[in-house]
Amino acid sequence: MARTLICCNFVKVIAVRGHIPSRFLPMSAPEQLGNLEELVLLTVCALGTDAYGVSVHQHLAEVSGRAVSLGAIHTTLYRLQDKGFLESEMGGSSPTRGGRRKRLFRATGAGLDAVRAARAVRDRLWEGMPSPQPNLRFS
Amino acid sequence: MTHPEHSSLPRLLVWLVARFCHEAVVEEFRGDLEELHVIRADQPMARLRIWFDGLSLLRFHFRRHRRPSSFFLSPAMLRNYFFVAIRSLKRHAAFASINIVGLSLSMAVALILILFIRQADQKDEFHANADRIVRVYSDFKSSFNRNNALYGTSPASLADLMASDVPGVEEVVHVRSGFQGTLQYGDTGLPLRGLWADPAFFEVFSFDLKAGDPATALSEPGSIVLSPAEAEKFFGDEDPIGQTMSVVGDREYTVTGVLARDDYPTVFPLTAIASYASLLSDASQQEMLGLWYASIYRSYTFALLEPGTRVDDVQARVRGLIPTHFSSFENNRLHDLVVQPLGDISLGVEMGNELGSNLPGSAAWFLLTLAAIILLTACFNYVGLTVSRSLGRSREVGVRKVFGAERTHISSQFLFETVLVAVLSVSIAVLLLKWLVPAFNAFSFVSQTGMLLNLDWSGDMGLYGVFIGFTLVVALTAGFYPALFLSRFRPADAVKGMAGISGGSGSRMRKGLVVVQFAISLIFLITAVVMVRQARFMQQGDYGFRTEGIVNVRLFDVPYERFRDRVSQSAHVEGVSGMSIIPALGSRSDIWVSVPGASDDDNVKGYRFAIDGQLIDNLGLTLLAGSNLTEAATFEETQRVIVNETLLERLGLGSPVEAVGEVFIAGDTTRVTIAGVLQDFHADDLSNEMSPYLFFYQPDMLGWANVRLAPGQMEAGMADIRDAWMAMGHPRSVDMEAFDTQLEQNFVNLMTRDMYRLIGFIAFLAVTIACLGLLGIASFNVENRTREISIRKVLGADVRTLVLLLSREFMILIGIATVVSMPMAWILANTWLQGFAYRISPGPGTLGLALFILLTIAATAIGSQTMKAALANPIDNLHEN
């Protein structure tokens, strides 16, 4: 099993360098959202027209308290774009960036469907949750 | 957009991001890092955290967004190169054809030379035991020579000694040259030169017989094996085996075999092989073969070594034979015997008394250098042309790069184009060989050495390897620089049309190539002009005696007087004289002369001639002092000689008048008296120094008759000579030739003439190719400047100014080439001329002629283009279309 994995990785590496046409690569599984992917996708939706690397990084850190590296954010953004859940364009610059432009991301229709589907799954799971003891203490 | 440089990011991190992230994301990432760093400016450990985030970008984005590009040798790319190359050749047909014409011509010439050398190199490789056969040659000083020299021959007794005394020798073969004379069968008498050889000859060497038994063909005395061509001449359809032939003045021979082929690739001249036993059956010959210093001039020693024997061991043992068996005799000293593998004979060390058809290694290197130079000129042409039209291709390169081509792709594509041109050229070159090879074979250094280039290539797989390797080498040489140069363009510049225009390295390279090409051409031209003049000088040279109207007749075994009396009866004959050797045709007979009492080292080499009393008169020689040798010879008079001025000078005998009656020593001990002194004349070809000549009155030694015909009566006179010869009833037909024709066909003269033809042809080719290149560059240059020329013309420039303007650059380049090449050509020509004792001195006229030829052709090439541009109506070019 481990061996097959190594082989697949090896084949993939070669494929990226252009030796093997993609039709020979192993078929990828149907697109599903990973945990970080879901959070990033939701963040992009929440940020509206100002979603780019740093803003997503900061917002996610504020909301979740999780410290994710900038590289991980970018990897996820680009992977979501490859999967067709995000689209992007180069946008305006600001002095804090040293005048450099940023890549602004926006959720596509498929992306919105994907977060909604993920939410639906959670909602359905929540429905089966036993209701908590009502807290009657007011203060 | 602006890039404020007051960034507080670690510079190493910035560099890492720029270096290892794909260019498409660098801007975005750097911006993100800057922004993040500003946000965290007052938080703890900001610097550490920005490193953490920056490195995380590297980890995930290492060349992540690189589009997978095709491997530069993938089938799809190759197909693409091929189509693009074809399209480009079609579109630029003029350039392509200039390149192909130049390359194919030079490739054809180079191929001929390479094939010729390869053929020489492969001689005697076909023998089954080829790697075990050796020959022994000698380093020898004879009593006729001052210094020792290398001879392909060795003492006759060496073979027997090797068989008995040297371990590791399986078999030895005696081979002896000098089997010659007139071979007679029935009414057919033909001159023949052949070999004598042992019965082991057919055992050691893999020559097959198509008739006869190889084991016994050379066993008996009086056996002879003929080549198929010779057998055909004598016997036609008859079966030659068992037929008896006679050699005039020798014995009878029975044909015991016929060789299977005429064209064995071998150093042996295989026309006729007589059995060595027939030589031994003659007592006097046998005695001579026993004396090592007598037999050394014509005997060859071949040996078949046992498998696993080292040549070095044999060499040591053979060398050890010298002190005991070949001790010095009089002035004959054998310095060394060298064991040489059979395959090293051809293309080996140059030596005297070589077996025959052989190309010395030095000649092979000379020819290879010629081939390389002529190929390089064509390659330079290709480079120059391709680089000069790089502007046209730069846009193509730019677009390719924008669409994702990498440098390897671009350079592969240009290399591929070169390979395609080279393949086309080599195909044309191989077709050209069909016409060029016969012309090459007509050269005397090819035809007279029996090394005709064979065009039958069937079954020679190695040859295709040669062709393919040759093509690739040429393609790489020609295509390397253009590929490097063109693939260097930056897409933005290339698309804007900025690349290739400026006077960058490409332009310098191109100019350098033009200079080199023209320098080479000029060196060839000057050498060729010098050679032509020297050859003409030698052929038409004044030898100091009468040649016009003289017909030389070979006497064979006919007594001179008998022929003289017959031929004198003709009304067209004005005089007849006799000589042992015809002067100035390359043959000579050495004799060593000295004054009485001188030591051996003061000996001077001279040439001896036997003459009759009519010679001086007949050839118009001038007797400076003394008297002619008369026919009324007494016993003392046979010891009297006529000498030339040079002999007096070399022996220090004073003026001609003083010298008459002086005595000196000729040969070993013979004392001779000077009867008369002749004014110097050339009895040798003009490549040799004037030597002392001795003329003996010896009517029984005359081999040739010089028949002087009345002016304008050549035809009738020669018919009379033929009749006189027929009337004597000799079996051979008459062998005569006009003296002038003989001089023209003298080997040295022929060699000189053929050398200049070869060099001249190559010079012509080099100039043609260089000018083709110039034509291409000039036309491109003009094309680029059409607008400029039109505007200048509108503003009032006249045609002359414009032509000068456009030609100036080229004229400067040719000028540089002239300055560079003149001294080199001068040195080269003079070095070559050193080989001739009597030579022309190349003056400004020679250099001027070469330069004139070059300038005329170059000016035609440039002028045709510039004139066209200068004469065009400017309006046509200034209109926007």
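Predicted model: local features only at pLDDT ≥ 70, side-chain atom pairs only at ≥ 80, totals over all residues.
**Confidence in chain A**

Within chain A, the highest confidence belongs to helix 2 (residues 35-47), which has a mean of 91. At the other end, helix 1 (residues 2-16) of chain A has the lowest, with a mean of 41. Over residues 1-30 of chain A, pLDDT stays under 50, and the model has 16 contacts beyond four places in sequence for this stretch.

**Make-up of chain B**

Chain B has 881 residues, of which 40% are buried. Its secondary structure consists of 30 helices and 22 strands. Among the contacts in chain B with a separation of 6 or more, 82% join residues 24 or more positions apart.

| Helix pair in chain B | Axes come within | Crossing angle |
|---|---|---|
| helix 13 (residues 361-388) and helix 17 (residues 461-486) | 9 Å | roughly 25 degrees |
| helix 5 (residues 93-121) and helix 15 (residues 407-441) | 7 Å | roughly 45 degrees |

Take helix 13 and helix 17 of chain B, whose axes cross at roughly 25 degrees. Angles under 35 degrees count as roughly parallel, so that is how helix 13 of chain B lies to helix 17 of chain B. Their crossing is right-handed. Helix 13 of chain B brings B:Leu375, B:Cys379, B:Tyr382, B:Val383, B:Thr386 and B:Val387 to the contact. From helix 17 of chain B come B:Val474, B:Thr477, B:Ala478, B:Tyr481, B:Pro482 and B:Phe485. By class, the residues of this contact are 10 nonpolar and 2 polar, with no charged ones.

Now for helix 5 and helix 15 of chain B, with axes crossing at roughly 45 degrees. These two helices are therefore oblique to each other. The crossing of helix 5 and helix 15 of chain B is right-handed. On the helix 5 side, the contact residues include B:Ala96, B:Asn99, B:Ile100, B:Leu103 and B:Ser104. They also include B:Met107, B:Ala108, B:Leu111 and B:Ile112 of helix 5. Among the residues they meet in helix 15 of chain B are B:Val421, B:Ser425, B:Ala429, B:Leu432, B:Leu436 and B:Phe440. The contact of helix 5 with helix 15 of chain B holds 18 nonpolar and 3 polar residues, and no charged ones.

How values were computed:
Residues numbered from 1 in each chain as written. Chains lettered and ligands numbered in written order. Axes fitted to C-alpha atoms, helices over the stretch in contact; angles between N-to-C directions. Helix = DSSP H or I, 4+ residues; strand = E, 2+ residues; numbered from the N terminus. Parallel < 35°, antiparallel > 145°, perpendicular 65-115°, else oblique. Left-handed = near helix turned anticlockwise from the far one by under 90°. Contact = placed C-beta atoms within 7 Å. Nonpolar A, V, L, I, M, F, W, Y, C, P; charged D, E, K, R; others polar. pLDDT = per-residue confidence, 0-100. Buried ≥ 20, exposed ≤ 12 C-beta atoms within 10 Å, placed from the backbone.
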